[in-house]
Amino acid sequence: MGLLGRSLAMLSVLLWIFWLPKLGAQFPASSLTAARALDSLLQDYAYRAFVRPRTGIVYDGDVPSNLTGIKISALRLRRGSLRSRGVQAYNEFKIPKGVVAQPHVARLVLVYQNLGNWSSMYYPLANYTYLAPVLGLLAYNASNLLAKNLPELEIRATSQPISINFSGVKAVPDGSVAKCVWFNLSGLVNFSDPVSDNTCSTFEQGHFSIVIKSIAPSPSPVSPVPPAGAPNPTGGGKKNHTTLWIILGSVLGGLAALVLLGFLALWVAGYKQRKQMQQMERAAEVGESLQMTSVGSTKAPAATVTRTQPTLESEYVL
C-alpha cells in the first residue's frame, strides 16, 4: 500500500504539472505585486467603514483621494450563516449556499472592490480590452476590525458557483467574442465563457471582469490617384522639386563613378606596361654574355676587347 500510495501521489503531481499551464497565463510579477498591495490598502479602508458594525449589513467605504474612482464595501457574516444561507445580493455578486471558508473563523468580512477606471492600471491584459470594470471579492477574518494587512481567507463554493452580474457592460463589437477573466490571488489568469451576456461565474474568490481580444487598428486609407489634367494637391510642387534633385544627384553620381573608373583603367594599363618592361629587362640581363653599360636611363651592351686590331695598308708594303 505504501508503494501504491507513493505512485498515486507522484501521478497526481505529474497531472498537476501538465494541467496547470492550460488554466491560463501568468500575471506579470510587477503587476501582481502592485495589485496585492492595493488589496491590502483597500482592506484597511473597508474595515474603517465599520463604525457601528452589524452582521449582515453592507457598509460602503471611502478610498484615498489618489484612488478616486474605486469603490469598496464591507460585509460581516457568521461563517455558519454564509454556508447555510449564502448572500442573495452583495452588489454584483450573488453567493449561493454551501460556500465554506478556511481556516476556521467564527466571523468573516467579505470586501468588495470595483476598480472602475483603474482596472487596466492594476490588471493590465496584453491584447485584451475591458468591457466592464474589474470587480473583486476577498474574504478576511473579522475577529479584529482594526487590523491591517490581514491575509485572505480561502473561500470556495461547493455546490453552485458564485454569480457575478456585471452592470454597464460595453457592447461587443462585431466579430469579437466576450470572455470572462478571473485573476486569482497567486497571479494566475483564467478565461472562460460567460453564463450570459453580462454574467460570469466562479467557485473561488479573486478579481473578475469581461474582456475581448483587442482589434488591430485599420490601415490608413490610400489617397486616390487624381485624374489626368487635375491640378496637383498642396505640396505637389515640393514633391516634384524633391524628385528632380534626386534625379540630378543620381546623374552626377553616375558621371563621377565613370570618371573614377576611367582613371582606374589608365592606372591599370600603365602598371601592366611597366611590369612588362621590367620582365623584358630581367630576361635580357640573364641571357646576354656581354657587359651592359648605362646610357642615360637605358642600358646597352658594351664590348671590353675588340677581336681584330686595325692595321694600316702601308704596313704590308716593304
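Residues are termed buried under 20% relative accessible area, exposed over 50% and partly exposed in between, with a 1.4 Å probe and protein chains only. By this criterion both cysteine 180 and cysteine 200 are buried. The structure described is a predicted model, in which local features need pLDDT of at least 70 and side-chain atom pairs count only at pLDDT 80 or more, whereas totals for chains, interfaces and linings use all residues. Residues are numbered from 1 along each chain as its sequence is written, and side-chain values use heavy atoms, with hydrogens and water left out.

Confidence is given as pLDDT, the predictor's confidence in each residue, from 0 to 100. The chain has a mean pLDDT of 80, and 72% of its residues reach 70 or more. Over residues 7-23 the pLDDT is below 50, and beyond near neighbours in sequence this stretch has five contacts in the model. A contact is counted where heavy atoms lie within 4.5 Å.

One disulfide is present, defined as a pair of cysteine sulfur atoms within 2.5 Å. In general, a disulfide is a covalent bond between the sulfur atoms of two cysteines. Here cysteine 180 and cysteine 200 are joined, with their sulfur atoms 1.9 Å apart. The torsion about the S-S bond of cysteine 180 and cysteine 200 is about -85°, so the disulfide is left-handed. The pair links distant parts of the chain, with cysteine 180 in strand β11 and cysteine 200 in strand β13, 20 residues apart. Helices (H or I, at least four residues) and strands (E, at least two) are DSSP runs, numbered from the N terminus.

Strand β13 also takes part in an open sheet of four strands, ordered β3-β4-β10-β13 with antiparallel pairing. Strands β3 (87-90) and β13 (199-202) stand at the edges, each with a single partner strand, so one side of each is left without a neighbour in the sheet. From one strand to the next the twist averages 20°; axes are lines fitted to C-alpha atoms, for helices over the stretch in contact, and angles run from 0 to 180 degrees between N-to-C directions. Pairing requires that DSSP finds at least two bridges between two strands. Antiparallel strands β4 (residues 93-95) and β10 (residues 162-165) are joined by two bridges, and lysine 94 has serine 163 in β10 as its bridge partner.

Strand β1 (residues 58-61) is joined by four bridges to strand β2 (residues 71-78), and the two run antiparallel. Aspartate 60 stands opposite serine 73 in β2.

A nonpolar core is taken as a set of buried Ala, Val, Leu, Ile, Met, Phe, Trp, Tyr and Cys residues joined through side-chain atoms within 4.5 Å. The largest such core has 32 residues, of which Ile70, Val109, Tyr123 and Phe183 touch the most other members. At least two residues of this core are supplied by each of α2 (29-47), β2, β6 (107-114), β8 (135-141) and β11 (179-183). Helix α2 gives the largest share, six residues. Not counting residues up to four places away in sequence, isoleucine 70 touches Leu38, Leu42, Val63, Asn114, Leu115 and Trp118. A second, separate core of 31 residues includes Ala101, Ala132, Ala139 and Ile164.

Glycine 98 lies in the loop between β4 and β5 (99-102) and is buried, with a relative accessible area of 12%. Its contacts, not counting residues up to four places away in sequence, are Arg83, Arg156, Ala157, Thr158 and Ser159. The C-alpha atoms of glycine 98 and threonine 158 are 5.5 Å from each other, although these residues are 60 apart along the chain.

Some backbone features were also examined. Most residues other than glycine have a negative phi, and most peptide bonds are trans. The peptide bond from glutamine 102 to proline 103 is cis, with omega near -5°, and proline 103 is found in the loop between β5 and β6. Asparagine 127, in the loop between α4 (119-122) and β7 (128-130), has a positive phi near 70° and is exposed, with a relative accessible area of 62%. Asparagine 149 has a positive phi near 55°; asparagine 149 lies in the loop between β8 and β9 (154-157) and counts as exposed at 60% relative accessibility.
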